[in-house]
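Biologist: Could you take me through a few features of this structure, giving the general idea before each case?

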Amino acid sequence: MNTPEHAPLPSKSLHTAAAGPQRYPLVGLSCASCAARVETILKNDPAVREAQVNLADSTVALIVDATSELPRLKTALNAAGYDLLFDASSTPDAVEERREKDLRRLQRDTIAATLWTLPVMIIGMFFMQLPYANWIMLALTTPVLFVYGRRFFIGAFAQLRQRSANMDSLVALSTGVSYLFSFFNTLYPEFWTQRGLEAHVYYEAAAVIVTFILLGKLLEERAKSATSSAISELLGEQPEHTTIVRDDGTESSIAIRDVRVGDLVRVKPGEKIPVDGVVESGSSLIDESMISGEALPVEARAHREVFAGTVNQQGSFVFRAQKVGGETVLAGIVAMVQTAQASKAPLQKIVDRIAAVFVPIVLVAALFTFAVWILAASTETAGFAPALLAAVTVLVIACPCALGLATPTAIMVGVGKGARNNILIKDAESLELARKVDAVVLDKTGTITEGEARVSDRLWLAPQTQQRYLHEILHAIESRSEHPLAAALLRDLESESKSDSNAADTPVTMPGVQIEEFRSVSGRGVAAKVAEKKYFVGNPAFMSESGVQISGPAAESIQNFTAQARSLVCFANQEKLLAIFAIADPIKASSAGAIQNLRARNIEVYMLTGDNLRTATAVAQSVGIASDHIRAEVLPGDKAEFISALQKRGRTVAMIGDGINDSAALARSDVSIAMGRGSDIALDVARIALLTSDLGAIPRAIELSRETVRTVRQNLFWAFIYNLIGIPLAAGILYPINGFLLNPMIAAAAMAFSSVSVVSNSLRVKWRRLK
């Protein structure tokens, strides 16, 4: 049978050079500002030539003058509240074990904090007159803040030592002041009552804030774990052991890490190829879909290159190892995914940057408020109570609850909306950028096409009275073939037979057909004898080799099918050609309409494929992609480089793919979208996954991005407008005019209202219709 005309995959390394950056695990990263802070500390060190932090998997790519400098860098990061792992604790297993342990601890803290917070909320809202209510809330709130929420205070203290601030600083400041103020009022309420003021407590506000932020951290860490698992899955494409052929001809099994360049490696049917190399002897068909993305296998023969992670389907062959370890194409894909992930910053970084300015402003505002009230009072004693009350009110009303809710609530609603429209969104940055997309890059196989070989055309040359009998002979012969095209042909034969008989449950068999002398010719076809007559099934070249003449209308049909980039299966006996079957990967019904929709939005559409140019051109013409927007016979690295070239031209690029070979390009793109039926690697690496094979979901994803980001910006706007109005009111700006002084309880209510307004605004996304 004929095999697809894939171009030989070039033997270039995709990995980072040996002298390039080395990756080390980091501990203590909680947000984008943490990643930026670590990079700043490392880059300011004279021994560091390059430092790039990957927040997605909590690692740093470092180039240092000497590894002896690592302990000193570790000490510098420890002083800032972070840690650098470079010894035995930095092995993949040790790092994974530590991360799982930290995730379990965070989950326990979140659950425990929720259980302790619920009664505080109930008492604070409905049972404030309960005897000893303040003492009960004090007892319940203390472990929430200082046991389960201690990480925020530790992080804030570390930021303070570095003269910086982040969301931890806001959380620790607001909850800490609320707690201390409430604690003072619980111990000594007379301080206020003797001055004609009520001693309010804010335990419920402090506990709820900590619990909510813990929940957000838990969701974030789970997302990070899913991202890191993509790399583990990629590495899992390599087998752990392989068979080498020694100089004396004997064979033995060794670990992959022990394979050296120049070793002869035996690959048996069904095994994964362990390293990159060149075939020395034998032949087979290899599933290279993880590298090329193509559904049809390619022929492995002498002098042809083979690649680690691809699957040997049929025969056994021996190849000579040329690239091992980090030099293989598979290792290069892993390196490119890691590098592309490290270059990204999440949407939450906006909030962290704002927090770095917001916290000092709030502190200054509170101190300024206290000072003004003291200076304006007739006596220091008369002024202290309202001064302290006003300062605390400023801190309470400036609590970052609305700020913290602005982004995640909109994203949660947007994600839910997407799920109902078959769009799974896993990354906030993709939501921000999808609305800006002006270039879409599509993989061919499994994205534009179905990704499965099917019979597209059939031409019977034998008389109709003989076709039923020949149909059964062909089915019997193909049932013994292991070639993937045989599976497509069998499905078609069975479907045709069921249609003819109108009996869907009737098996296609014929007891009288006895197959003899079955013979398979790798990469060409099969031959067999039935009732003393020879039959041949294979590509046109196999027909010629078997003495079957092809001429007239049959030759014209073969020429036409070939021009349409179809794979051909011919069926003949020893006398003449009996039938021709054209097999192709059919185009999805929704592909052309979706591509037209994108182009109508002034979005350029490109198609990249590992298949040959003839097939790529035929598919592109069918769906309306311009001929100069096609790239054929490309490798995973070529796809990533093409996307980089578009980005350098100022394009915001969305990559849509479904295979392992697309993972590097998906990671490199601004917006990565995987088809729902694609590989686990593509689904892990992509930040948006379509839960359907319908490409029409892509325009809807762009529209959803526009709606969600608009809501996030509205939320942030209202959160800060609230603070801009609320903080001056809390400080007593109206007191000289009309004697109005904001009560801390009203401040807490205003804070709650701001949160409710943000959530309500986010819920509006749920009811908007996507176009």
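Predicted model: local features only at pLDDT ≥ 70, side-chain atom pairs only at ≥ 80, totals over all residues.

Modeller: Residues are numbered from 1 along each chain as its sequence is written, and side-chain values use heavy atoms, with hydrogens and water left out.

Biologist: Which residues of helix 5 are buried?

Modeller: Helices are DSSP runs of H or I with at least four residues, numbered from the N terminus, and buried means under 20% relative accessible area, exposed over 50%, and partly exposed in between, with a 1.4 Å probe and protein chains only. In helix 5 the buried residues are F152, G155, A156, A158 and Q159. They lie on the same side of helix 5 because they cover an arc of only 160° around the axis, taken from the directions from the axis to the C-beta atoms. The face turned away from that buried side carries the exposed residues I154, F157 and L160.

Biologist: How is F184 classed, and in which helix is F184 found?

Modeller: F184 is found in helix 6 and counts as partly exposed because its relative accessibility is 32%.

Biologist: In what order do the strands of the open sheet run?

Modeller: Strands of a sheet pair through backbone hydrogen bonds, either parallel or antiparallel. Strands here are DSSP runs of E with at least two residues, and two of them pair if DSSP finds at least two bridges between them. Six strands form this open sheet, in the order 6-5-7-13-8-11 with antiparallel pairing; its edge strands, strand 6 (251-255) and strand 11 (305-306), each pair on one side only.
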